[in-house]
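This report walks through a two-part read of the entry shown below. Keep the structure open while reading.

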Amino acid sequence: MDELEAIKVTFFQECEELLADLEGGLLAMQDGNDDGDTVNAVFRAVHSIKGGAGAFGLEPLVRFAHVFETLLDAVRSNEVPATPDLVVTLLRASDVLADHVSSARGLGVVDEAVSAAMAAELKACTDPNAAPAPAAVVEAPVFEAAPVAAPAEALIGADDALDDDDLGFDFQPMTITIDEQAADVAAAAGNVWTVSIRPKSDLYRKANETALLLRELARLGPIEATLDASAIPPLDMLDAEAAYATWTVRLETEEDETAIREVFEFVDGDCDLEITRGEGLTPDAALAALLAGDAPAAVEAAPAVVAEAPAPVVVVEAAPEPVAVAPVVEAAPAPVAAPIAPAAPVAASAPAAAPAAKAQQIDVPGPGQSVIRVDPERIDRLIDLVGELVINQAMLAQRVGEYGIAPSSNLAMGLDELEQLTREIQDSVMAIRAQPVKSVFQRMPRLVREVASMTGKQARLVMDGENTEVDKTVIERLSDPITHMLRNAIDHGLESPEERKAAGKNPEGVVKLAALHRSGRIVIEVSDDGKGINRERVHSIAIKKGLISPELQLTDEEIDNLIFLPGFSTADKISDVSGRGVGMDVVKRSVQALGGRISITSRPGQGSTFTLSLPLTLAVLDGMVVDVAGETLVVPLAAIVESLRPKPEEVRPLGPVGSVLAVRDSFVPLIDVGLTLGYREASPPPTEGVVLLVEGEDGSRAALVADAIHGQRQVVIKSLEQNYQQVDGVAAATILGDGRVALILDVDAVISLRRREPPRPVEPTLIAAE
Amino acid sequence: MSEEIITTGAERRELISFRVGDQEYCVDIMAVREIRGWSPATTLPQSPGYMRGVINLRGAVLPIMDLACRLGMPMVEPTVRSVFIVVKAGDRMIGMLVDAVSDILSITDDLVQPTPDVACDAVRSFIRGIISIDGRMISEISLDRLLPEREALAA
């Protein structure tokens with residue numbers, strides 16, 4: 001049972017991918033890209049979900065997927081034109097399908113009314129001439145028309161009556177050969193059945209899989225499957241999309257014929273099926289030889305059989321098949337797999353093979369497969385270990401340095417090489433975990449549709465940079481802030497269609513979601529072309545709520561950023577979407593906890609842009625190691641513009657305590673890190689130390705004064721929050737070569753700590769339980 | 001040590017007792033991960049005075065808390081005999097700097113008396129109860145209150 005559960009988990013993982021493919025395909029269709037490939041991909045996604053769901057008996061999901069698939073099949077064969085309206089309907093259907101998947105997974109409930117209405121709508125689209133199907137008919141479960149005990153005739157009849165537009169699954173009467181004599185023999189010998197399966201190429205084209213059928217059969221009782229590969233032509237004559245193989249299965253089961261037949265419910269008509277009671281032998285000589293265990297004879301016989309072979313035969317995905325069969329077959333005759341192996345390279349070109357082949361990877365790793373699934377915990381463990389390796393290597397280098405060994409010595413050179421190797425290993429390991437932000441982005445179109453319909457606005461989502469890669473640790477935490485920013489952009493940013501028309505804009509607002517790499521960080525931008533921030537209102541609300549003092553003069557930028565203050569909410573009325581008081585302050589804090597920053601720029605009448613910047617990884621960082629008041633600190637290299645030793649004439653006092661540094665005609669405030677962090681009470685003259693010219697996220701510059709620079713190093717980021725909490729001015733911690741903990745400076749926080757004056761709106765201070 | 005204590009049916013627990021100044025405290029042994037000798041910690045800026053800083057515990061950053069200071073007593077410079085007890089409090093690990101570890105007690109809950117109503121807030125909120133054994137007074141520390149609350153980060 002555990003095994004089944006494991007397969008089910010995999011199925012749901014695949015469902016997620018398939019749903020994403022589905023939505024991606026539909027969105028491509030919406031953009032006018034409705035070529036055959038796209039439509040086929042969309043169809044296959046739904047079909048694969050249905051197929052898998054059927055295997056697990058997830059009735060409601062199968063039922064809905066079936067209706068959906070039927071319509072898609074009609075679209076695929078150009079019976080139903082893919083109009084923009086239809087694509088919108090299909091998109092909504094994909095949302096309902098996603099709900100069904102979640103529900104089958106035990107995460108949430110499907111709104112039956114919505115689902116039934118959607119199904120009815122799909123039915124109506126499939127057959128525009130028919131009157132809109134009454135809900136009752138839609139509800140009539142297409143798949144329950146195949147009850148376990150129903151005789152074959154009844155099954156076919158019921159199907160004809162109920163499901164006349166079922167294009168995906170043509171239930172056709174089939175030939176059943178029942179050898180009376182053989183049955184008698186079998187009755188004496190126990191319940192032995194011989195099932196002969198000869199798939200047609202259509203079976204593979206519909207993304208079905210013989211291995212799954214065999215697995216299903218195995219559930220009825222012990223099976224012995226034999227593959228007749230004799231019909232496979234030589235490689236140069238092989239048609240990659242044709243079907244050549246025949247399986248003969250000896251099944252021992254208490255179940256009756258109907259139960260066996262039920263296994264083939266999904267492939268009915270797509271394969272020649274013979275179910276015989278008893279140890280029936282097919283007349284095929286090669287097969288007989290195989291069954292007798294005379295494999296070489298069968299292989300020898302093969303060419304002859306090819307010539308005679310009347311039916312089109314196997315093998316769309318030759319490679320996965322033997323692999324999948326392996327766990328099922330009790331005693332797989334070794335030579336059987338052999339003739340198939342050469343066909344493997346050809347299989348890659350068969351498009352229909354892809355989903356099926358994918359299904360194989362999880363079960364049993366097969367030859368020639370290019371993707372492996374790895375438990376993320378193993379990778380995390382590897383990354384931890386590499387982190388320790390980096391620390392250890394640094395420690396070694398430091399010790400060697402202490403002994404005063406010449407840099408040209410063999411030992412020092414060996415150490416250099418070790419450092420390079422360590423770095424390469426680390427980069428490679430990190431690359432394993434890097435993922436495109438696509439996985440987060442693709443959830444957003446649905447969100448936008450839902451929020452737009454909830455708020456009565458028209459919104460179009462434009463996405464850019466989906467393939468921007470970022471570490472998995474960061475990906476996981478992107479979803480919440482992006483969701484929040486998008487909701488905010490539609491709910492608060494965009495105007496209603498009427499307002500937009502009045503302002504001379506397109507009634508459909510555009511929300512843009514973009515990801516890009518910028519100076520060693522990932523930047524996510526969410527922008528809208530709405531009305532922009534109403535600064536007067538924001539200002540007055542902030543004063544009314546006592547968040548700022550009325551006398552305070554604020555710049556436009558400062559007013560815009562007031563929306564990040566805790567307890568600030570500008571919605572005129574509390575809406576379901578984003579007006580619950582958990583506003584942008586929560587987003588800001590969760591982003592800060594990741595070492596990220598968020599800011600907003602706005603132009604009245606033209607829209608607003610949220611900019612979210614996060615480190616590419618939460619695992620390593622290039623930093624400058626400095627000494628401040630006896631403490632060792634690491635300053636992120638990405639923030640450092642240059643480091644210099646200031647000359648006395650470059651340091652100018654400004655005001656009672658402050659001083660600035662003259663850097664090539666511009667003046668930059670000098671900040672003593674030791675003083676700001678509270679390491680010391682008075683700062684020594686800046687000319688005695690070293691100055692790091694840094695640039696904050698918002699482009700503002702500052703000159704940080706440290707006592708000494710130790711050099712540049714890659715450090716492993718260790719969380720302070722894991723065992724303690726966030727500390728103002730500190731981004732994280734790391735472990736140095738000597739085994740001691742050093743703190744990583746949060747440059748922006750240090751700049752703003754310094755800037756902060758009492759009347760200013762302050763960040764939420766750390767809650768110290770005193 | 002503790003063998004002479006007679007069980008009265010209630011479940012037995014084991015506690016580790018230690019000295020802070022001239023007072024004795026204890027924590028549940030199940031919360032204790034290890035006991036280590038003192039090593040200098042990296043100071044944390046903007047932190048309450050009782051936070052000694054952080055140290056490297058096999059690759060993890062471990063905050064060290066001066067227990068005497070946390071309980072409102074004057075901070076004592078650590079000596080070579082000082083140790084820190086690594087305990088798990090909720091999902092966090094912290095090190096408590098104490099003067100010395102005394103012994104392991106095995107007690108039942110009925111031996112724990114409620115904390116007397118003393119003036120000090122810190123004592124009232126951090127002490128779970130008081131255990132009296134052989135004329136010694138040992139206060140049991142409530143670990144979940146020791147560390148400052150983390151900021152709620154729920155989005």
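How many residues lie between strand 10 and strand 11 of chain B in their hairpin? Two residues separate these strands, and B:Asp134 in the turn has a positive phi of about 50 degrees. Helices (H or I, at least four residues) and strands (E, at least two) are DSSP runs, numbered from the N terminus.

The model is predicted: local features need pLDDT of at least 70, side-chain atom pairs count only at pLDDT 80 or more, and totals for chains, interfaces and linings use all residues. Residues are numbered from 1 along each chain as its sequence is written, chains are lettered from A and ligands numbered from 1 in the order in which they are written, and side-chain values use heavy atoms, with hydrogens and water left out.

**Confidence**

The predictor gives the complex an ipTM of 0.81 and a pTM of 0.48. Chain B has a mean pLDDT of 82, and 88% of its residues reach 70 or more. Here pLDDT is the predictor's confidence in each residue, from 0 to 100. Over residues 151–155 of chain B the pLDDT is below 50. Beyond near neighbours in sequence, this stretch has 13 contacts in the model. A contact means heavy atoms within 4.5 Å. Where pLDDT is low, the predicted coordinates should not be read in detail.

**Chain B**

Chain B has two helices and eleven strands. Along the sequence, the pattern is β-β-β-β-β-α-β-β-β-β-α-β-β. Of its 155 residues, 48% count as buried. Buried means under 20% relative accessible area, exposed over 50%, and partly exposed in between (1.4 Å probe, protein chains only). Among contacts in chain B between residues at least 6 apart in sequence, 58% join residues at least 24 apart.

Strand 10 (residues 127–133) of chain B is mostly covered, with five of its seven residues buried. Two strands pair if DSSP finds at least two bridges between them. Strand 10 of chain B pairs with strand 11 (residues 136–141) of chain B in the antiparallel sense, over six bridges. Strand 9 (residues 112–113) of chain B also runs antiparallel to strand 10 of chain B, joined by two bridges.

In chain A, five strands form an open sheet in the order 6-8-9-11-10, with mixed pairing. Strand 6 (459–464) and strand 10 (597–603) of chain A stand at the edges; each has a single partner strand, so one side of each is left without a neighbour in the sheet. Neighbouring strands are turned by 15 degrees against each other on average, direction ignored.

Strand 10 of chain A runs antiparallel to strand 11 (residues 607–615) of chain A, with seven bridges between them. Within this pairing, A:Ser599 has A:Thr611 as its bridge partner in strand 11 of chain A. Helix 21 (residues 444–455) of chain A lies across strand 6 and strand 8 (509–518) of chain A. The helix runs at about 160 degrees to strand 6 of chain A. Axes are lines fitted to C-alpha atoms, for helices over the stretch in contact, and angles run from 0 to 180 degrees between N-to-C directions.

**Rings and charges**

Rings of Phe, Tyr and Trp (its six-membered ring) pair if their centres lie within 6.5 Å; planes under 30 degrees apart count as stacked, over 60 as edge-to-face and the rest as tilted. The count comes to four aromatic pairs over all chains. In one of them, the ring centres of A:Phe11 and A:Phe12 are 5.2 Å apart and the planes stand at 45 degrees, so the pair is tilted. Ring pairs link A:Phe11, A:Phe12 and A:Phe56 into a cluster. A:Phe11 is buried at 8% relative accessible area, and A:Phe12 is buried at 6%.

A charge sits over a ring if NZ of Lys or CZ of Arg is within 6 Å of the ring centre and within 35 degrees of the ring normal.

| Charge | Ring | Distance from ring centre |
|---|---|---|
| A:Arg76 | A:Phe43 | 3.8 Å |
| B:Arg70 | B:Tyr50 | 4.0 Å |

**Two residues of chain A**

A:Thr676 is found in helix 27 (residues 673–676) of chain A. A:Thr676 is buried, with a relative accessible area of 16%. Its contacts, not counting residues up to four places away in sequence, include A:Val750, A:Arg754 and B:Gln46.

A:Gln592 lies in helix 26 (residues 584–593) of chain A and is partly exposed at 23% relative accessible area.
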